Amino acid sequence: MSAASGSPPAWPFLRFGLLVTGEAEEAHAHMLFRSLEATGICNFAVIRRVNQLRPRTSARRLKVTGTTQPVTKRAEEEISFPTRRHLRESVHNFVILLDDLEHDSRTMVREVCKMYRKALDHVLKQDEPSRASMHFLVNMLEAYYFGDPDAVNAVLALNPPLAATEEDVEEIRNPKAVLKQLFPRFHEIDHGGEILALLDVTRVLANPENCAFLRTLFAWCVKVLERHPHWEDVAPTSDLFHLSDGIMSYVTGAQIGNS
């Protein structure tokens, strides 16, 4: 039966294009969002790997070049233009830029966020800021593996097995190095992909006092999904990610109000 003869219109399908800065993220970052894809109204796919943006530093003081000067040609080519292309393909498309925020860069997190935000806003129309956002994986993607030790143990067969922790995994200084200490043959692409295929983000975000940056990423996504006309039909029946009572990033959280 056609729409003209009375059938309901097709559900809009939301496509989130990911811009990522790491090799492991390029291969597997989309798997972080399996719980959202399970709603059947969206998918996540990497559309490009980009170079990290960082402010220039000197021995005397930090000089932020990206927040006061025009967007660089490289940022245009790697971030601005791919964002514009993806958004122009459909009004149901969105863009998320993901960057590892290593420990040494945390003191400049606001400046880094502004640089990425400027590269995104450079090609967005006045009414489009809500269609693109940037978020940090802290201190890197591998940190979140520690939030679901069952996934790690299933892949690496650690002995003794990795135990659950009440500590905030976003405070682990170098998660990748810790994994290699536990399992010297750890390969961030091969083993990382296997772990992410099993990783339960609801477990990672189970403590509302932990993982502010990851929770903010999921809060932005859910805010977008709530606009879907059938969200209430497919939405989880409980607050799986503690969006209502969990901590959010003081940096990237400002984007939620625009989504």
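User: Buried means under 20% relative accessible area. On that cut-off, which residues of α5 are buried?

Analyst: In this predicted model, P149, A151, V152, N153, V155 and L156 of α5 are buried. That is 6 of the 8 residues of the helix, so α5 is largely enclosed by the rest of the structure.

User: What do the buried residues of α5 pack against?

Analyst: They pack against three helices, namely α6, α7 and α8.

User: Take α7. How do the axes of α5 and α7 cross?

Analyst: Helix α5 covers residues 149-156 and helix α7 covers residues 190-198; their axes come within 9 Å and cross at roughly 135°. The two helices are therefore oblique to each other. The crossing is right-handed.

User: Which residues make that contact?

Analyst: On the α5 side, A151, V152, A154, V155 and L156. On the α7 side, H191, E194, I195 and L198. By class, the residues of this contact are 7 nonpolar, 1 polar and 1 charged.

User: And α3 against α4, what angle and handedness there?

Analyst: Helix α3 (residues 73-89) and helix α4 (residues 109-121) have axes that come within 8 Å and cross at roughly 55°. This pair is therefore oblique too, and α3 passes α4 in a right-handed crossing. A75, I79, S80 and T83 of α3 meet Y116, A119 and L120 of α4. Those residues divide into 5 nonpolar, 2 polar and no charged.

User: Which other residues have a positive phi without being glycine?

Analyst: C211 and H242 are examples. Phi of C211 is near 60°, and phi of H242 is about 55°. As background, most residues other than glycine have a negative phi.

User: Where are those two, and is each one buried or exposed?

Analyst: C211 is in the loop between α8 (201-204) and α9, and is buried, with a relative accessible area of 1%. H242 is in the segment after α10 (231-234). H242 is partly exposed, at a relative accessible area of 21%.

User: Where are the cis peptide bonds, and what are the omegas?

Analyst: One runs from V138 to N139, with omega near -10°. N139 is in the loop between β6 (132-138) and α5. Another joins N159 and P160, with omega about 5°. P160 sits in the loop between α5 and α6 (175-182).

User: Changing topic: how many residues are in the largest nonpolar core, and which have the most contacts inside it?

Analyst: The core has 76 residues, and F16, F33 and L36 have the most contacts inside it. Helix α9 (residues 212-225) gives the largest share, 10 residues. In soluble globular proteins, nonpolar side chains tend to be buried together.

User: What does F16 touch?

Analyst: Leaving out its neighbours within four places in sequence, F16 contacts C42, N43, F44, A45, H86, F94, I96, W220, C221, V224 and L225.

User: What about I189, where is it and what does it touch?

Analyst: I189 is in the loop between α6 and α7. Its relative accessibility is 17%, so I189 counts as buried. Not counting residues up to four places away in sequence, I189 touches E23, A24, A27 and H28.

User: How far apart are I189 and A27?

Analyst: They are 162 residues apart in sequence and 7.2 Å apart in space, C-alpha to C-alpha.

User: Last one. What are the overall numbers for secondary structure and burial?

Analyst: The protein has 10 helices and 6 strands. Of its 259 residues, 50% count as buried.

Technical notes:
Residues numbered from 1 in each chain as written. Predicted model: local features only at pLDDT ≥ 70, side-chain atom pairs only at ≥ 80, totals over all residues. Heavy atoms only, no water. Axes fitted to C-alpha atoms, helices over the stretch in contact; angles between N-to-C directions. Helix = DSSP H or I, 4+ residues; strand = E, 2+ residues; numbered from the N terminus. Parallel < 35°, antiparallel > 145°, perpendicular 65-115°, else oblique. Left-handed = near helix turned anticlockwise from the far one by under 90°. Contact = heavy atoms within 4.5 Å. Nonpolar A, V, L, I, M, F, W, Y, C, P; charged D, E, K, R; others polar. Core = buried A, V, L, I, M, F, W, Y, C linked by side-chain atoms within 4.5 Å. Buried < 20%, exposed > 50% of the residue type's maximum accessible area, 1.4 Å probe, protein only.
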